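I opened my notebook to look through a protein model one feature at a time. Here is what I looked up, in the order I did it.

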Amino acid sequence: MSDELNSPQYDVPPEMQGQIAITTLDKIYNWSRRSSVWPMFFGLACCAIEMIATATSRFDIARFGMEVMRPSPRQTDLLLVSGTVTKKMIPQIVRLYNQMPEPKYVVAMGACASGGGPFKEGYNVVSGIDNYIPVDVYIPGCPPTPQALLHGLITLQKKIDKQTLKTARWYDKESEAAIPVPVFGPDIMDPRDYEAIKLHAQEKLQAELNIPSPEVEQG
């Protein structure tokens, strides 16, 4: 632990090494968070089986302090999206993400969560979870092996190590607004796209009825 927290900017006298360590607040803060990331306990498809296998004694995810999987989003730090994300499921995922406290992270596990996988452009599958929530780490594979998941989690730890309290978004004075929950109807609709959808529908209706647009009438 002392080697991880020790700051190379200051030299510790040989007679004092092993007794004291000079470090920074950012290193202590990031070390404590990277060593106790609690994922949310849920899975979507075949990637979830590989996630479960990662928690067995053969791979031992407890080495990274991530074996505590919580069923409640209010007690988790990591949203591990493991599997195919359908349009029917995306409102629930966004709602769970909004309920997670800061700091929080998202890992897209597998080809389906990252970009739709073999079901990309399908009528009922979302082409990537990053269309709705921010993703920190992408793990390729269909499905990824437990070793690939561990590599993705180590990559997330390296990202946490580089963060600083000065620029952390969760300490910003202006709190971020929650992500609007998509509406599932005949198709999935993002509330942030309502204006664009409305404008497109009006233009299409005008074209079908041969109604000139307001710009044409003014000209």
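This is a predicted model: local features need pLDDT of at least 70, side-chain atom pairs count only at pLDDT 80 or more; totals for chains, interfaces and linings use all residues.

**Entry 1**

I then looked up the strand order, and found an open sheet of three strands running β1-β2-β3 with parallel pairing. β1 and β3 are at the edges with a single partner strand each, so one side of each has no neighbour in the sheet. From one strand to the next, the twist averages 15 degrees.

**Entry 1: how the strands are joined**

I checked the pairing of β1 with β2 and found five bridges between these parallel strands. Leu79 sits opposite Val106 of β2, and Leu80 sits opposite Val107 of β2. On to the next pair: β2 and β3 are also parallel, with three bridges. Here Met109 has Ile139 in β3 as its bridge partner. To get from β2 to β3, the chain passes through helix α5 (residues 110-115), in a right-handed β-α-β crossover. I also noted that β1, α4 and β2 form a right-handed β-α-β unit.

**Entry 2: a look at β2**

Is β2 mostly covered or exposed? I found that five of its five residues are buried, so I wrote "mostly covered". Tyr105, Val107 and Met109 point one way from the strand, Val106 and Ala108 point the other way, and all of them are buried.

**Entry 3: salt bridges**

- Asp161 and Arg34 meet through their side chains at 2.9 Å, N to O. Asp161 belongs to helix α6 and Arg34 to helix α2 (residues 25-34), so this pair ties together parts 127 residues apart in sequence. Asp161 is partly exposed at 37% relative accessibility, while Arg34 is buried at 15%.
- Lys159 and Asp136 form a salt bridge at 2.8 Å, N to O. Lys159 is in helix α6 and Asp136 is in the loop between α5 and β3, 23 residues apart. Lys159 has a relative accessibility of 34% and counts as partly exposed; Asp136 is partly exposed too, at 21%.
- Arg192 and Asp190 form a salt bridge at 2.8 Å, N to O. Arg192 is partly exposed at 46%, but Asp190 is buried at 8%.

**Entry 4: a patch on the surface**

Which residues form a nonpolar patch on the surface? I listed Val183, Met189, Tyr194 and Ile197, which together have about 300 Å² of accessible area. I looked up Met189 separately: it lies in strand β5 (residues 188-189). Its relative accessibility is 31%, so Met189 counts as partly exposed.

A reminder to myself: most peptide bonds are trans, and most residues other than glycine have a negative phi. With that in mind, I went looking for exceptions.

Glu102 and Pro103 are joined by a cis peptide bond, with omega about -5 degrees. Pro103 is in the loop between α4 (90-99) and β2 (105-109). Another cis peptide bond joins Cys142 and Pro143, with omega about -10 degrees. Pro143 is in the loop between β3 (137-139) and α6 (146-161).

Asp60 is not a glycine, yet has a positive phi of about 55 degrees. I placed Asp60 in the loop between α3 (47-54) and β1 (78-82). Asp60 is partly exposed, with a relative accessible area of 31%.

Terms used. Residues are numbered from 1 along each chain as its sequence is written. Side-chain values use heavy atoms; hydrogens and water are left out. Helices (H or I, at least four residues) and strands (E, at least two) are DSSP runs, numbered from the N terminus. Buried means under 20% relative accessible area, exposed over 50%, partly exposed in between (1.4 Å probe, protein chains only). Two strands pair if DSSP finds at least two bridges between them. A crossover is right-handed if, with the strands pointing away from the viewer, the path from the first strand over the helix to the second runs clockwise. Patches are made of residues with over 30% relative accessible area and no salt bridge: like charges are joined within 9 Å, nonpolar side chains (Val, Leu, Ile, Met, Phe, Trp, Tyr) within 5 Å. Accessible areas come from the Shrake-Rupley method with a 1.4 Å probe; for residues, only the protein chains shown count as cover. A salt bridge is a side-chain nitrogen of Lys or Arg within 4 Å of a carboxyl oxygen of Asp or Glu. Axes are lines fitted to C-alpha atoms, for helices over the stretch in contact, and angles run from 0 to 180 degrees between N-to-C directions.
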